[in-house]
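Let's take a walk through this protein, one stop at a time. Have the sequence and the 3D view open side by side.

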Amino acid sequence: MFQPVFISFSLFAFDGDFPHGAGWYVGFTRLIMALFGLLAWCSLCQWIDDDQRELEIADGPMWNMIALGTGALGGLLLFMAPWFWFIWFLLMMAMAVEAKLYANLHNSMIRDTSLHLLTPTHFKRLGEKYLRLNFSPGQGVRGRNIPVMFVGKRGGAHNSDSAKFLSKAEESVGYQLALELIWNAISMRVTDIHLEPTKDETMVRFRIDGMMKAQEPMERRIGDSVLNILKVVAELDITEKRKPQDGSFQARILNPDKPKSGGRLCDFRVATSGSVAGEKMVLRILDQSKAISSLDDLGLRPKIRDQIRVIVGAPHGLFLVCGPTGAGKSTTLYASLHEIDRFTKNVITLENPVEYAISNTTQIEVNAKSGKTFAGELRSVLRQDPDVIYIGEIRDKETAEIACQAAQTGHMVFSTIHSNDAVSALARLIELGVDPSVVSNSLSGVLGQRLVRKLCPKCKEKYTPSQEALKKLNFPADRIKFLCRAAGEGKEDAENACENCGGSGYRGRTGVYELFVITDKIREMIESKAKPNIQQITQEAIKEGMTLLFTDGLRQVIAGDTSINEITRVCK
Ligand SMILES: [Zn+2]
């Protein structure tokens with residue numbers, strides 16, 4: 001006998017009295033419950049997807065698939081199977097179990113228990129928040145919620161010993177203060193944190209825009225425990241307090257306004273060393289979100305920027321950036337690397353340490369302690385058929401010679417060198433022992449640079465400079481009506497200090513530059529003498545259009561971006 005295939009659309013009202021008539025076939029309660037299930041499913045999927053990305057969970061995609069799959073299967077059954085309420089209940093249970101399993105994974109990756117999910121404390125907090133219940137009368141919120149989490153070493157969690165130690169230390173004053181220290185530093189745009197012990201206190205100093213600023217000191221006992229926590233986080237040996245050590249860790253910085261956004265990761269380089277008074281520590285903060293990726297963001301004159309583009313875009317040559325420590329040399333070279341098509345070219349960097357990650361680039365960390373020197377690594381890199389090589393620093397004869405040879409044999413080489421101005425970098429290379437003719441044939445250009453602090457736009461003040469002062473600076477006196485200066489300078493502690501700059505009068509930095517391009521004429525001048533005549537070469541370079549650092553800085557003074565004091569301080 002032929003029986004028609006009967007599919008029971010259980011979502012619709014098959015309560016025995018089908019049809020109702022007039023086309024109203026939908027069970028209203030069931031429809032609403034099904035929609036509720038759909039919404040719950042969507043939010044679960046969304047949450048798991050966001051969260052697994054934020055925590056960079058390796059099995060993230062699998063969790064996504066499970067979440068999607070459960071819902072899809074449940075939904076299908078809801079429509080197909082005749083037992084609506086049974087399936088609906090099963091689906092809810094499945095989602096709850098899944099949420100709990102995922103929450104366990106989530107919790108295992110976050111050390112701060114106050115951020116753990118689906119725990120009794122979490123439910124209590126939710127109750128307090130949404131139902132206005134008070135579970136802990138007369139008691140404040142546990143600890144201060146500092147939006148910083150220690151993550152561990154770059155690309156990995158802590159080893160089990162440190163993890164154990166840290167989970168025990170979590171509630172300690174030292175741990176909370178370490179988090180607070182990091183958070184304050186990040187909020188104040190600090191690049192380096194210095195912790196220096198004296199007899200009774202631990203001094204805290206921040207480097208902001210290149211300037212050291214003393215902070216409130218800590219009691220020595222507390223300072224020592226903060227130092228210990230940070231040593232464990234960076235996986236240093238806490239029993240060793242004299243010998244210099246270095247390490248690193250990452251911390252996740254959450255945005256307190258958007259606690260769900262996941263925040264961003266910051267790298268910290270830690271260096272400790274013993275002093276008479278005790279162990280001191282310097283933390284260098286490398287905020288990946290502040291990495292500059294284009295020459296356009298460096299504050300270069302358009303002419304210099306275009307000249308650099310030509311130099312770094314050439315198939316071979318040596319491009320050097322010079323200046324004192326902290327002059328932003330590596331930032332400029334990172335931006336130059338971004339100018340290069342890293343898909344079609346083989347780009348290799350040798351750095352000490354690797355500061356920022358660059359996509360499509362082989363980045364190698366040089367570490368003299370473990371026998372990886374610039375020169376040694378450079379030799380092996382040259383065997384890997386590179387097109388562009390970035391060498392962190394040239395400071396010995398061997399590296400200098402290999403770099404010059406590489407530049408002459410069809411490679412584009414970028415590096416930094418320690419010298420005061422662009423033309424002196426040339427002399428420095430020759431001093432290191434490279435033959436002048438090799439230098440002249442390989443070098444394509446040298447960029448000298450400094451970072452100057454920018455005036456705080458909120459509190460800078462205009463003033464009319466005297467004609468004399470203008471004349472001294474070679475300014476067109478008739479065209480300049482006013483210049484700007486820092487009003488709040490030296491009034492950091494004043495009560496009405498400007499909030500935007502913390503009373504320093506400056507906020508942020510920009511570069512001043514001089515670009516020395518090696519032309520044929522200059523090449524001849526270098527080769528003609530065993531020791532180059534720096535003065536003569538500088539004169540020639542200026543004749544060919546080079547603007548000196550100080551002159552370049554005056555452009556920023558006229559624009560009102562920085563002050564004469566600042567340019568003079570930096571370009572001494
Ligand atoms: Zn200000």
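Start at Asp421, which sits in the loop between β13 (412-417) and α12; helices here (H or I, at least four residues) and strands (E, at least two) are DSSP runs, numbered from the N terminus. Asp421 is partly exposed, with a relative accessible area of 27%. On that scale, buried means under 20% relative accessible area, exposed means over 50%, and partly exposed is in between (1.4 Å probe, protein chains only). Leave aside the neighbours within four places in sequence, and Asp421 is in contact with Cys322 and Glu514, where contact means heavy atoms within 4.5 Å. Tyr513 is 92 residues away from Asp421 in sequence, yet the two are 9.6 Å apart in space, C-alpha to C-alpha.

A quick word on what you're looking at. This is a predicted model, where local features need pLDDT of at least 70 and side-chain atom pairs count only at pLDDT 80 or more, while totals for chains, interfaces and linings use all residues. Residues are numbered from 1 along each chain as its sequence is written, and side-chain values use heavy atoms, with hydrogens and water left out.

Now zoom out. The secondary structure comes to 18 helices and 17 strands, and 45% of the 572 residues count as buried. Take the contacts between residues at least 6 apart in sequence: 62% of them join residues at least 24 apart.

The buried residues of α2 are Gly60, Trp63, Asn64, Ala67, Thr70, Gly71, Gly74 and Leu78. Seen down the axis, these buried residues fall within an arc of 135 degrees, so they line one face of α2; the arc is that of the directions from the helix axis to the C-beta atoms. The general rule behind this is that an α-helix has 3.6 residues a turn, so residues three or four places apart point the same way. The buried residues of α2 pack against α1 (28-54) and α3 (84-109), whereas the face turned away from them carries the exposed Pro61, Met65, Leu73 and Leu76.

Helix α15 (residues 520-527) can be read in a similar way. Here Ile522, Met525 and Ile526 are buried. They cover an arc of only 100 degrees around the axis, which puts them on the same side of α15. Their packing partners are α12 (422-431), α13 (436-442), β17 (506-517) and α16 (534-543). Asp520 and Glu524 are exposed on the face turned away from the buried side of α15.

Next, the metal. Which residues coordinate the zinc ion? Cys456, Cys459, Cys498 and Cys501 do, each through SG, at 2.2 to 2.4 Å. (Donors are N, O and S atoms within 2.8 Å of the metal, or 3.2 Å for Na, K and Ca; water is not among the atoms, so sites may look incomplete.) Along the chain the donors follow the spacing C-x2-C-x38-C-x2-C. The four donor atoms subtend angles of 103 to 117 degrees around the zinc ion, which makes the arrangement tetrahedral; four donors count as tetrahedral if all angles lie between 85 and 135 degrees. Cys456 and Cys459 are both buried.

On to the rings. The structure holds 11 aromatic pairs. Rings of Phe, Tyr and Trp (its six-membered ring) pair if their centres lie within 6.5 Å; planes under 30 degrees apart count as stacked, over 60 as edge-to-face and the rest as tilted. Phe150 and Phe249 form an edge-to-face pair, 5.6 Å centre to centre with 90 degrees between the planes. The pair links distant parts of the chain, with Phe150 in strand β1 (residues 148-152) and Phe249 in strand β6 (residues 245-253), 99 residues apart. Phe150 counts as buried at 6% relative accessibility, and Phe249 is buried at 1%. Elsewhere, ring pairs link Phe36, Phe84, Trp85 and Trp88 into a cluster.

A cis peptide bond joins Asn352 and Pro353, with omega about -10 degrees.

Note on methods. Four donors count as tetrahedral if all angles lie between 85 and 135 degrees; four count as square planar and six as octahedral if opposite donors are over 155 degrees apart and all others between 65 and 115; anything else is irregular.
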